[in-house]
Amino acid sequence: YHEAFGLAQVVPDQVKMQRDSLFGLASVTKVVATGTAFGICVDDGLLDFAMPVRDALPELRGEGIDAVTVRHLATHTSGFANTKYHGRVEGEAMLEMMLGASPQWTAGTHYEYCCLNMILLGRAVERASGKRLDVFCRERIFEPLGMHDTAFGPVPPSPRVVPSGAPKLGEIEDGQARAAGRPVGNAGLFSTAADLARFAEMMLGEGRLGDTIVLRRATHEKMTRNLLAPPLPARGFCWEMDLQASHRPKRLSPSAYGHSGHTGQSLWIDPEKQVYLIVLTNRNHPKMVGGDRKLQQYQARARIGDAALEFLGY
């Protein structure tokens with residue numbers, strides 16, 4: 001089932017949502033691009049899920065780094081605080097400043113959702129592969145899967161591009177990803193529902209879509225199982241698995257994994273029920289809101305998902 005509803009844009013003119021509307025995915029970038037790219041590097045023998053982060057990124061300068069592994073980064077238990085670096089410096093200077101960050105908590109003891117974790121994972125992919133993150137993802141994920149509308153932004157403005165909280169149509173909304181001046185691992189990917197469906201089909205296929213193998217089955221299994229024990233929330237390798245997640249449809253099985261995006265996106269994949277769910281909205285247009293209203297918008301995506309799952313017999 002694939003359908004578009006309502007308006008993609010309400011000001012200055014009304015533009016209808018289309019089935020092929022192009023959305024800024026915000027943090028869904030973390031799983032579709034960064035986490036998957038890291039898994040491919042594991043398959044290539046370039047990286048390892050358990051390796052110390054200092055082995056992946058010797059240029060890190062912070063104190064207390066030695067105990068941090070890439071798994072800690074991928075599960076947001078590295079100890080890094082969710083500090084935002086844009087506004088102080090931009091471009092390579094901002095990325096260089098991030099290399100000096102120090103953990104605020106002992107690795108593995110505290111959950112703190114942190115974009116820096118994913119930016120560092122993306123940098124590790126670049127260092128190991130010798131390719132920029134967008135080039136690696138295009139060559140190893142998007143082109144093999146036929147995701148022809150998927151790319152890191154900014155993208156040229158057009159009636160297909162859904163506005164967000166970004167200053168201009170087609171720009172990346174996330175401040176750090178926009179200020180970096182080049183693709184980074186936490187946000188910045190643009191895609192369509194149809195392209196994300198191809199990605200989700202590959203994930204349901206345990207790393208394979210038809211004759212195309214993106215991830216080895218064993219690697220896929222390691223990435224999509226819960227890596228944390230209570231009281232920490234359930235997380236896979238970059239994937240969210242918390243049963244209490246506000247945007248998680250209740251009709252999914254406990255083994256489902258997914259991720260949300262600040263711009264209004266939800267992606268869930270359920271290996272037990274063999275179903276995936278993609279809900280894409282323009283939450284931050286024409287105005288971004290927070291607090292209870294933000295929570296309600298996340299919960300609305302879960303209800304939309306449950307309505308679709310119920311209609312289809314799940």
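Me: Which residues line the largest cavity?
Reply: On a 1 Å grid over the protein atoms alone, a cavity is a set of points where a 1.4 Å probe fits but cannot get out, and lining residues have an atom within 4 Å of a point. This is a predicted model: local features need pLDDT of at least 70, side-chain atom pairs count only at pLDDT 80 or more, and totals for chains, interfaces and linings use all residues. Residues are numbered from 1 along each chain as its sequence is written, and side-chain values use heavy atoms, without hydrogens and water. The largest cavity is lined by Leu95, Ile119, Gly122, Arg123, Glu126, Leu133, Arg182, Pro183, Val184 and Gly185.

Me: Which helix gives the most to the lining of the largest cavity?
Reply: Helices (H or I, at least four residues) and strands (E, at least two) are DSSP runs, numbered from the N terminus. The top contributor gives four residues and spans residues 115-129. That is helix H5.

Me: What is the volume of the largest pocket?
Reply: A pocket is an open set of grid points with protein on both sides within 12 Å along at least five of seven lines. Points are joined across faces, edges and corners, and a volume is the space filled by probe spheres set on them. For the largest pocket this gives about 1100 Å³.

Me: Which element gives the most to the lining of the largest pocket?
Reply: This lining has 41 residues, with Glu3, Ile278, Val279, Leu280 and Ile304 closest to the pocket centre. Helix H8 (193-204), strand E10 (275-280) and helix H10 (291-311) each give two or more residues. The top contributor gives eleven: H10.

Me: Is Phe5 buried or exposed?
Reply: Phe5 sits in the segment before strand E1 (7-9). Buried means under 20% relative accessible area, exposed over 50%, and partly exposed in between (1.4 Å probe, protein chains only). Because its relative accessible area is 58%, Phe5 is exposed.
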